[in-house]
Amino acid sequence: LGIENMSDSSLVTIGITGDSFLYRQVRNMVGCIVAVGRGKMNPDDVQQILAERDRRLAPAMAPAHGLFLLDVQHGDFVI
């Protein structure tokens, strides 16, 4: 996970790398990051949400617009 904010812009870049993801997992993760960043929840709340395993406790997921797939790699195969 990497987060980059350009000081002269409102653009925030969040990079997430993994072996695989569940449906909407990245949007849910970004939703939590944004909620913490805006002070709507405490970072410790994220651990509680994960421990409870109850999606209803989590903040809204990030909207799809603005999110995009940058890279796919599988062994020596790269898209």
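Modeller: The following answers set each value against its definition.

Modeller: This is a predicted model, in which local features need pLDDT of at least 70, side-chain atom pairs count only at pLDDT 80 or more, and totals for chains, interfaces and linings use all residues. Residues are numbered from 1 along each chain as its sequence is written, and side-chain values use heavy atoms, with hydrogens and water left out.

Colleague: What makes a stretch of the chain a helix or a strand?

Modeller: Both are DSSP runs, numbered from the N terminus: a helix is H or I with at least four residues, a strand is E with at least two. The chain has 2 helices and 4 strands, in the order β-β-α-α-β-β from the N terminus.

Colleague: Why is helix H2 said to lie largely in the open?

Modeller: Buried means under 20% relative accessible area, with a 1.4 Å probe and protein chains only. In H2, residues 43-52, the number buried is 1 of 10, so the helix lies largely in the open. Over the chain of 79 residues, 13% count as buried.

Colleague: How do you know that Asn-42 caps the N-terminal end of H2?

Modeller: A side-chain oxygen of Asn-42 lies 2.9 Å from the backbone nitrogen of Asp-44. The limit for a polar contact is N or O atoms within 3.5 Å; within protein, one must be able to donate a hydrogen and the other to accept it, and residues adjacent in sequence count only if both atoms are side-chain atoms. Just after H2, Arg-53 takes a positive phi of about 55 degrees.

Colleague: What makes a space a pocket?

Modeller: On a 1 Å grid over the protein atoms alone, a pocket is an open set of points where a 1.4 Å probe fits, with protein on both sides within 12 Å along at least five of seven lines; lining residues have an atom within 4 Å of a point. The largest pocket has a volume of about 1,400 Å³, the volume being the space filled by probe spheres set on points joined across faces, edges and corners. Its lining comprises 37 residues, and Ile-14, Ile-16, Val-26, Leu-67 and Phe-68 lie nearest its centre. Strand E2 (12-15) and helix H1 (25-37) each give two or more residues to this lining, and H1 provides the largest share, 7 residues.

Colleague: Which residues lie nearest the centre of the second largest pocket?

Modeller: They are Asn-28, Met-29, Ile-49, Leu-50 and Arg-55, from a lining of 15 residues. H1 and H2 each give two or more residues to that lining, and the largest share, 5 residues, comes from H1.

Methods. Buried < 20%, exposed > 50% of the residue type's maximum accessible area, 1.4 Å probe, protein only.
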